[in-house]
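This briefing goes through selected features of one model. Please keep the sequence and the structure at hand while reading.

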Amino acid sequence: MLSLAHLYAQGYKTTKGKVTFFSSAPVEDIKAENKVVTGLFDAQTGSLAFLVPINGFRFPKSLMQEHFNEKFMESHKFPTATFDGELLGFNISKAGTQVVQAKGNLTIHGVTVNANISGNIEFREDEVHMKAIFPIKLVDHAIQIPKVLFYNIAEEMEVTVNFVLKKLEEK
């Protein structure tokens, strides 16, 4: 994980990142949003880390939220999802949107997998804007769908991350 002391030179932080996921299944579509994501980015080294509290996801129906936390994600046992890695292919001096790769360890439901995620980055004055859309297979993270709900929940979720990170000020 990144240390804040090292980050002040080219460091950026967010405490209001946004992660959404979407599941399209035969019976219903499920969408949830989480706006309590924290993240750090070191533009000098490319180091990148995010922490997503699982119980921070909000659903249109309270019963969906309850099932998500208790039956699928077991948020009492696995309270966070994390990404710890590096961002490749960016140029801090370049204007406009750049296509980048985030490579690292993605941990969800207590299971860590190597992730390679394509996305976009844009440097704006004292902010960095990051966005990516990528699939996550539930089986890769040992998330099981009860047979009774097999037609309600897709085996693969579409995840969208949208972060605005602000430059850290030296103390």
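The model is predicted: local features need pLDDT of at least 70, side-chain atom pairs count only at pLDDT 80 or more, and totals for chains, interfaces and linings use all residues. Residues are numbered from 1 along each chain as its sequence is written, and side-chain values use heavy atoms, with hydrogens and water left out.

**Helix H2**

- Helix H2 spans residues 62–72, and its buried residues are Met64, Gln65, Phe68, Asn69 and Phe72. Helices (H or I, at least four residues) and strands (E, at least two) are DSSP runs, numbered from the N terminus. Buried means under 20% relative accessible area, exposed over 50%, and partly exposed in between (1.4 Å probe, protein chains only).
- Exposed Ser62, Leu63, Glu70 and Lys71 sit on the face of H2 turned away from its buried side.
- Strand E1 (11–24) and strand E2 (29–42) are what the buried residues of H2 pack against.

**Nonpolar core**

- The largest nonpolar core has 42 residues, of which Phe21, Phe41, Phe57 and Met130 touch the most other members. Such a core is a set of buried Ala, Val, Leu, Ile, Met, Phe, Trp, Tyr and Cys residues joined through side-chain atoms within 4.5 Å.
- Leaving aside neighbours within four places in sequence, Phe57 is in contact (heavy atoms within 4.5 Å) with Val19, Phe21, Ala32, Glu33, Asn34, Val52, Gln65 and Phe68.

**Met157**

- Met157 lies in strand E8 (residues 156–167) and is buried, at a relative accessible area of 11%.
- Not counting residues up to four places away in sequence, Met157 touches Phe21, Phe22, Ser23, Phe134, Pro135, Ile136 and Leu138.
- The C-alpha atoms of Met157 and Ile136 are 5.3 Å apart, although the two residues are 21 apart in sequence.

**Positive phi**

- Most residues other than glycine have a negative phi.
- Glu74 is not a glycine, yet its phi is positive, about 45°. Glu74 is in the loop between H2 and strand E4 (80–88) and counts as partly exposed at 21% relative accessibility.
- Glu125, also not a glycine, has a positive phi of about 40°. Glu125 is in the loop between strand E6 (111–124) and strand E7 (127–137), and is exposed, with a relative accessible area of 82%.
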